[in-house]
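Student: I am new to this structure and would like a close look at a single part of it, namely the contacts between side chains. Please take me through them slowly, in one connected answer.

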Amino acid sequence: MILKEVYAVLQQHHFVVSQYDFSRRWLGKSRSYLSSSKARQRTPSLDALETLGTRLNSFVALYAKYALPSEKPTCDQLSQLRERVWEEAFARQSALDVQN
């Protein structure tokens with residue numbers, strides 16, 4: 001699940017302190033959103049993906065601007081994850097459009 005991957009990278013680099021923090025600040029959801037999604041093996045909502053993608057857009061832009069050269073690999077990793085988040089969001093939206 002893309003949310004777990006993004007969470008793991010953000011946590012590894014100390015940009016989030018917990019799943020609760022990630023769910024609230026990065027997904028704009030309740031603090032238990034990530035943990036309950038994992039436990040129930042639910043795919044993330046389109047809203048959560050769009051919120052995460054938007055926040056990653058802003059974060060990566062700022063991080064790239066001020067990152068030290070040694071932090072470039074982290075910035076690149078976050079950029080790749082951001083692209084995957086948007087790909088999943090667009091795929092989810094396309095699937096919804098086909099259903100309607």
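Tutor: Across the whole structure, which is a predicted model, a search finds 6 salt bridges. One of them joins the side chains of Arg84 and Glu5, with 2.6 Å from N to O. This pair links distant parts of the chain, since Arg84 belongs to helix H5 (residues 72-99) and Glu5 to helix H1, 79 residues apart.

Another of the salt bridges brings together the side chains of Asp47 and Lys29, at 2.9 Å from N to O. Asp47 sits in helix H4, while Lys29 is found in the loop between H2 and helix H3 (33-40), so this contact ties together parts that are 18 residues apart in sequence. Asp47 is partly exposed, its relative accessible area being 39%, whereas Lys29 counts as buried at 18% relative accessibility, because the cut-off for buried is under 20%.

A further salt bridge, between the side chains of Glu88 and Arg92, has an N to O distance of 3.6 Å. Here both residues lie in helix H5, 4 residues apart, which is about one turn of the helix. Glu88 is partly exposed, with a relative accessible area of 24%. In general terms, side chains of opposite charge can pair when their charged atoms come close.

Let us turn from charges to rings. The search of the whole structure also finds 6 aromatic pairs. Among them is the pair of Phe15 and Phe59, which is edge-to-face, with 4.9 Å from centre to centre and 70 degrees between the planes. Phe15 is in the loop between helix H1 (2-12) and helix H2 (19-26), and Phe59 is in helix H4 (residues 46-66), so that 44 residues separate the two and the pair links distant parts of the chain. Phe15 is partly exposed, with a relative accessible area of 22%, and Phe59 is likewise partly exposed, with a relative accessible area of 21%.

Phe59 has another ring partner in Trp26: the centres of these two rings are 5.3 Å apart and their planes stand at 75 degrees, so this pair too is edge-to-face. It links distant parts of the chain as well, with Trp26 in helix H2 and Phe59 in helix H4, 33 residues apart. Trp26 is buried, having a relative accessible area of 6%. Taken together, ring pairs link Phe15, Trp26, Phe59 and Tyr63 into a cluster.

A charge and a ring also meet in this model: Arg31 lies over the face of Tyr20, at 4.3 Å from the ring centre.

Finally, the backbone deserves a look at two places in the loops. His14, whose place is in the loop between H1 and H2, has a phi near 65 degrees, a positive value in a residue other than glycine. At 71% relative accessibility, His14 counts as exposed. Gln41, which lies in the loop between H3 and H4, has a positive phi of about 55 degrees although it is not a glycine. Gln41 counts as exposed too, at 72% relative accessibility.

Technical notes
Residues are numbered from 1 along each chain as its sequence is written. This is a predicted model: local features need pLDDT of at least 70, side-chain atom pairs count only at pLDDT 80 or more; totals for chains, interfaces and linings use all residues. Side-chain values use heavy atoms; hydrogens and water are left out. Rings of Phe, Tyr and Trp (its six-membered ring) pair if their centres lie within 6.5 Å; planes under 30 degrees apart count as stacked, over 60 as edge-to-face and the rest as tilted. Buried means under 20% relative accessible area, exposed over 50%, partly exposed in between (1.4 Å probe, protein chains only). A charge sits over a ring if NZ of Lys or CZ of Arg is within 6 Å of the ring centre and within 35 degrees of the ring normal. A salt bridge is a side-chain nitrogen of Lys or Arg within 4 Å of a carboxyl oxygen of Asp or Glu.
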